[in-house]
Amino acid sequence: MYWDKDIETMSRERLDALQLMKLKDSLQKASSSCYYKKLFEKTGFSPDHVMSLSDMGKIPFTTKDDLREHWPYGFLAVPKTELVRMHSSSGTTGRATVIFHTAADIDAWADIVARSMYSTGMRKHDVFQNMMTYGLFTGGLGFHYGAERLGALVIPAGAGNSRRQIRIMRDFETTIIHIIPSYALHLYSIFEESGVDPKTDTKLRIAFIGAEPHSVRTRDKIEALYGLKAFNSYGLSEMNGPGVAFECEAQAGMHIWEDHFFIEIIDPETMQPVPDGEEGELVMTTLMREGMPLLRYRTGDVTRIVAQPCSCGRSHKRIERIKGRTDDMMIIKGVNIFPVQVEKILMDIPGVGMNFLIILEREGYDDVMHIKVEVRRDLFTGNVKQLESLRRRIVEELKSDILITPKVELVEHDSLFRSEGKAVRVIDNRKE
Ligand code: ADP
Ligand code: ZN
């Protein structure tokens, strides 16, 4: 169901009661998987120890390493014959993890993707071009099924082949795209080269951007370049993929669908929950999944809960845009920095182009942060003084925000390596 007023605007009391009921059910389901059965025996935990949501802390955490160690079928809670689909993570931080779905899981997933899309203003009359890799990656089929559920016309364009993407957009009058934010910036240069202005020469009105951390500045830039509204979409394969949390029309944090997921934010050091509004690691429990329920899964993603109610009227909790993964955090001269903090500063400086790369080196006993920054096409051929003052401005602005003085090198437009999927932001050469 793509607009379910009763569920989406449910009072906190009713949502809590619904979650508790579903949580108990999920614990029962999980206990028939090989992994959780053994874990419960080992830790002495039993599903009936959970009498209220405040008992959450009694449930042991699950990590990506647990999934890897019990690869591929250790977490199955149903016989293999009940499964209809497999997906995997992108493998950004190591061996990819796999998730299995029953027919009901796929159905429930399509519902929340459709619900998310509807909350941004997407409707049945839209033409949706899905520019994500189809296959094991969840961004392809996950969005595809959701958009079909909503009733839109879906163009399964897949990733890459920029000129063809532009042609499709124009020929079929695409109104909505799903695109990785770093790729959206790159694609704009192909629009420029082709002499096509997405603002006037296409019918685009909405972009769903996600799959990688990006700052609000990048979102603003995409909106301005393309003349559309861009909505942040967060998901991870372990929790299905897309549709976990999505910005609504208010564009002020992403609603997490609490009838499907229970969320906690914990301090990754103490593993204790932090109060609402404080930053920490997002931990999620599936409330609907049959094939492979996951309990207190540590996503590694850093965010916080937006405490105020949303102007759209939906009562499901919102999280702030993801700052990065706990593993992405760079520690330079003892200062903790996420790549997205650098991105935010850069994207705010006129003259900066579409891409950048951070290279960390050890020089003697010192950590050095080099940043290669692409500049706008017209500037690179311009005068040297202007470039030097841009370079100095970048150094100064970064220094005052992240407290580290980086070595900045300006490079030509479109000259840095660009991955087909998620952007590579950091190369750390400090490790032996
Ligand atoms: P992998 O974990 O190997 O990258 P996935 O394809 O499952 O595999 O990607 C999920 C991860 O991608 C999330 O845990 C998160 O780190 C990142 N991610 C997804 N969507 C967003 C988003 N909108 N903003 C920031 N990060 C995101
Ligand atoms: Zn809202």
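Two strands are taken to pair if DSSP finds at least two bridges between them, and by that criterion S10 and strand S11 (residues 280–286) pair in the antiparallel sense over six bridges. Helices (H or I, at least four residues) and strands (E, at least two) are DSSP runs, numbered from the N terminus. This is a predicted model, in which local features need pLDDT of at least 70 and side-chain atom pairs count only at pLDDT 80 or more, while totals for chains, interfaces and linings use all residues. Residues are numbered from 1 along each chain as its sequence is written, chains are lettered from A and ligands numbered from 1 in the order in which they are written, and side-chain values use heavy atoms, with hydrogens and water left out.

- Distant parts of the chain are linked here by a pair 64 residues apart: Cys 248 in the loop between strand S8 (241–247) and strand S9 (254–256), and Cys 312 in the loop between strand S13 (305–306) and strand S14 (318–319).
- Cys 248 counts as buried because its relative accessibility is 0%, whereas Cys 312, at 30%, counts as partly exposed; buried means under 20% relative accessible area, exposed over 50%, and partly exposed in between (1.4 Å probe, protein chains only).

- Strand S8 is mostly covered, with seven of its seven residues buried.
- Strand S7 (residues 229–236) runs antiparallel to S8 and is joined to it by three bridges, and Tyr 234 stands opposite Ala 245 in S8.
- The hairpin of S7 and S8 has four residues between the strands, and in it Asn 240 takes a positive phi near 90°.
- S8 and S9 also run antiparallel and are joined by three bridges, with His 255 in S9 as the bridge partner of Phe 246.
- In the hairpin of S8 and S9, which has six residues between the strands, a positive phi near 50° is taken by Gln 251.

**The four-stranded sheet**

- An open sheet of four strands has the order S10-S11-S12-S15 with antiparallel pairing, and its edge strands, strand S10 (261–266) and strand S15 (324–325), each pair on one side only.
- Ile 265 stands opposite Leu 282 in S11.
- S11 and S12 pair in the antiparallel sense over four bridges, and the bridge partner of Val 283 in S12 is Arg 298.
- In strand S12 (residues 297–303), seven of seven residues are buried; Tyr 297, Thr 299, Asp 301 and Thr 303 point one way, and Arg 298, Gly 300 and Val 302 the other way.
- Two bridges pair S12 with S15 in the antiparallel sense, where Gly 324 in S15 is the bridge partner of Val 302.

**Helices and selected buried residues**

- The axes of helix H7 (residues 162–171) and helix H8 (residues 181–194) come within 10 Å and cross at roughly 75°; axes are lines fitted to C-alpha atoms, for helices over the stretch in contact, and angles run from 0 to 180 degrees between N-to-C directions.
- H7 and H8 are therefore roughly perpendicular to each other, a term that covers angles of 65 to 115 degrees.
- Contact means heavy atoms within 4.5 Å, and the residues that make it between these helices include Ile 166 and Met 169 of H7 and Leu 187 and Phe 191 of H8.
- Thr 120, found in helix H5 (residues 103–120), is buried with a relative accessible area of 3%, and the residues it touches include Phe 208, Phe 231 and Phe 246.
- His 101, in strand S2 (residues 98–102), is buried at 0% relative accessible area, and among the residues it touches are Trp 109, Asn 240 and Arg 289.

Terms used:
Angles under 35 degrees count as roughly parallel, over 145 as roughly antiparallel, 65 to 115 as roughly perpendicular and the rest as oblique. Lists of a residue's contacts leave out its neighbours within four places in sequence.
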